[in-house]
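Have the structure open as you read.

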Amino acid sequence: MNFDVVIIGGGLAGLTCGIALQQQGKRCAIVNNGQAAIDFATGSMDLLSRLPNGENVVNFDRAFDALKAQMPTHPYCLIGKSQVIEKAKEFEVLAQKLKLGLLGSVEQNHHRVTPLGGLRATWLSPNSVPTVMANKALSYNSIAILGIEGYHDFQPQLLADNLLQQPQFAQMSIRTGYLRIPELDFLRQQSREFRSVHIAQSLEQNIVFKALIQEIELEAKDVDAVFLPACFGLDSQEFFNRLQDSTSLQLFELPTLPPSLLGGRQHKLLRQRFESLGGTMMNGDRALRAEFEGDRVKQIFTQIHENEPISATHFVLASGSFFSNGLVSEFDDIYEPVFHADMVKTEQFDPTNRFTWTTKRFASAQPYQSAGVVINEHCQLQKCGQKIENLYAVGSVIGGYNAIELGCGSGVAVVSALTVADHILANLAQ
Ligand SMILES: Cc1cc2nc3c(=O)[nH]c(=O)nc-3n(C[C@H](O)[C@H](O)[C@H](O)COP(=O)(O)OP(=O)(O)OC[C@H]3O[C@@H](n4cnc5c(N)ncnc54)[C@H](O)[C@@H]3O)c2cc1C
């Protein structure tokens, strides 16, 4: 098997890179082992929400110099400000083409409502979730937050109490209530199965649509807007849109505690797009090791193709962080298991010294969360201090930054993916 590009990992980063390459007629394969972070994510995509010193970011362009001064190892600082902004804008266009239904712009962060009723700065959000700009109040006077009876991953009262602490919601009248949906009774008997995915599945199969609308209208009474848990519509937003069209109420959906359906829906659209462009998806397979020839990767071996290596002109590592086994930790080492690429080492964090992996305060940002591989400005990887010409890293396998602390996980994924696609396309054209 021979391809122009083989990508290891089919999450947000791998698929974005694969789509950009397929769109230009390159032959790509994605070797993908399992679920990705996006399957659990909120649906909102952060470019940069905070600086390392804790300051909130409103505009990426204006915040960049401070980021560079405070954290020069951040992949954005290696890729460069103008390239990051260009690729972020390119993703906004791609997202529109893919009909991801995302609102927002690189010009200014907005705030999204978290599953616990906080507000978090973000770059792009699904058009079905409530968002607020900086200090502006939401344009509704009254809202109802409605949960689903027996479903614990969405707590209307907690959400309401926390939202009322936010200046943008403080003047609002917020009511809470629960939808009684008899079609879900069989799930209630096995409470561990009572999750957003199962609720959405059973509603699509069983729902008496009219009864659900009546229940929402009964509980909402005469409010201006209704916040529902994102449990309506498994594969797409279509079911939620139908609910919206069938009532005069303004409905919004909120991400639930993970897994949240909003990210899963995006994942499906990205995968469909890659495949419809002719990309080869090798699902359920795991890249195990690689064979090198000088400063290039020659081929990789996978679990299914252990005796029939896959070769390509370029390879992209998009295998994610610990969450997806893109990084592995043992007692005294954190490493990247496929290529054994060089890992980022800083004054605060050394992957071979476990005493540097955590801080004493449980709730603080933990140094191990910035673990990952070393890249250069083109996102090329290095091994034993040597650059590997045809091997790149994209997304959360890259080290030198903490995506949870800074709010930049999806941004790094798509910006690095489109940067790598550009570099590969230029190289293949030579
Ligand atoms: C609960 C949750 C909420 C989040 N919320 C937000 C948010 O609000 N905003 C935001 O910006 N970001 C958020 N993120 C982070 C964001 O989703 C990730 O940063 C981003 O999706 C990372 O994408 P990735 O493609 O780099 O990695 P991943 O999504 O981890 O994908 C890596 C893929 O590679 C596969 N893989 C690994 N090793 C191999 C191998 N050897 N062979 C084959 N396949 C392999 C894995 O199975 C996986 O499918 C959230 C993440 C989580 C988990």
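Which glycine follows α1, and is its phi positive or negative? The residue is glycine 25, and its phi is positive, near 80 degrees. A word on the ground rules: this is a predicted model, where local features need pLDDT of at least 70, side-chain atom pairs count only at pLDDT 80 or more, and totals for chains, interfaces and linings use all residues. Residues are numbered from 1 along each chain as its sequence is written, and side-chain values use heavy atoms, with hydrogens and water left out.

**Helix α1 and its partners**

Let's start with α1 itself. Helices here are DSSP runs of H or I with at least four residues, strands are runs of E with at least two, and both are numbered from the N terminus. α1 has 12 residues and reaches 16 Å from its first C-alpha to its last. That is close to the 16 Å expected at 1.5 Å a residue, where the expected span is 1.5 Å times one less than the number of residues.

This helix is mostly covered, with 11 of its 12 residues buried. Buried means under 20% relative accessible area, exposed means over 50%, and partly exposed is in between, using a 1.4 Å probe and protein chains only. Among the buried residues are Leu12, Cys17, Ile19 and Gln22.

What does α1 pack on? One partner is α10 (residues 261-276): the axes of α1 (residues 12-23) and α10 come within 9 Å and cross at roughly 30 degrees. Axes are lines fitted to C-alpha atoms, for helices over the stretch in contact, and angles run from 0 to 180 degrees between N-to-C directions. The two helices are therefore roughly parallel to each other; angles under 35 degrees count as roughly parallel, over 145 as roughly antiparallel, 65 to 115 as roughly perpendicular and the rest as oblique. The crossing of α1 and α10 is left-handed, meaning that the near helix is turned anticlockwise from the far one by less than a right angle, with clockwise giving right-handed.

On the α1 side, the residues that meet α10 are Leu12, Leu15, Gly18, Ile19, Gln22 and Gln23. Facing them from α10 are His267, Leu270, Arg271, Arg273 and Phe274. Contact means heavy atoms within 4.5 Å. By class, five of these residues are nonpolar, four polar and two charged. For those labels, Ala, Val, Leu, Ile, Met, Phe, Trp, Tyr, Cys and Pro count as nonpolar, Asp, Glu, Lys and Arg as charged, and the others, Gly among them, as polar.

Another partner is α4. α1 and α4 pack at an angle of about 80 degrees, with their axes 12 Å apart, so they are roughly perpendicular to each other. Thr16, Ile19 and Gln23 of α1 touch Phe91, Leu94 and Lys97 of α4. That contact divides into three nonpolar, two polar and one charged.

**α2 against α4**

α4 (residues 81-97) also packs with α2 (residues 60-70): their axes come within 10 Å and cross at roughly 145 degrees. α2 passes α4 in a right-handed crossing. Phe60, Asp61 and Phe64 of α2 meet Lys81, Val84 and Ile85 of α4, giving four nonpolar, no polar and two charged residues.

**A buried leucine and a loop histidine**

Leucine 228 sits in strand β10 (residues 225-229) and is buried, with a relative accessible area of 0%. Not counting residues up to four places away in sequence, its contacts include Leu146, Phe154, Leu179 and Ile216. Leucine 254 is 26 residues away along the chain, yet the two C-alpha atoms are separated by 6.1 Å.

Histidine 378 lies in the loop between β17 (333-335) and β18 (380-383) and is partly exposed at 29% relative accessible area. Beyond four places in sequence, histidine 378 is in contact with Tyr392, Val420 and His423.

Most residues other than glycine have a negative phi, and most peptide bonds are trans.

| Residue | Phi | Relative accessibility |
|---|---|---|
| Lysine 221 | about 55 degrees | 55%, exposed |
| Histidine 340 | near 50 degrees | 44%, partly exposed |

Lysine 221 is in the loop between α8 (209-220) and β10, while histidine 340 is in the loop between β17 and β18. As for the peptide bonds, the one from proline 258 to proline 259 is cis, with omega near 0 degrees. Proline 259 lies in the loop between β11 (250-254) and α10.
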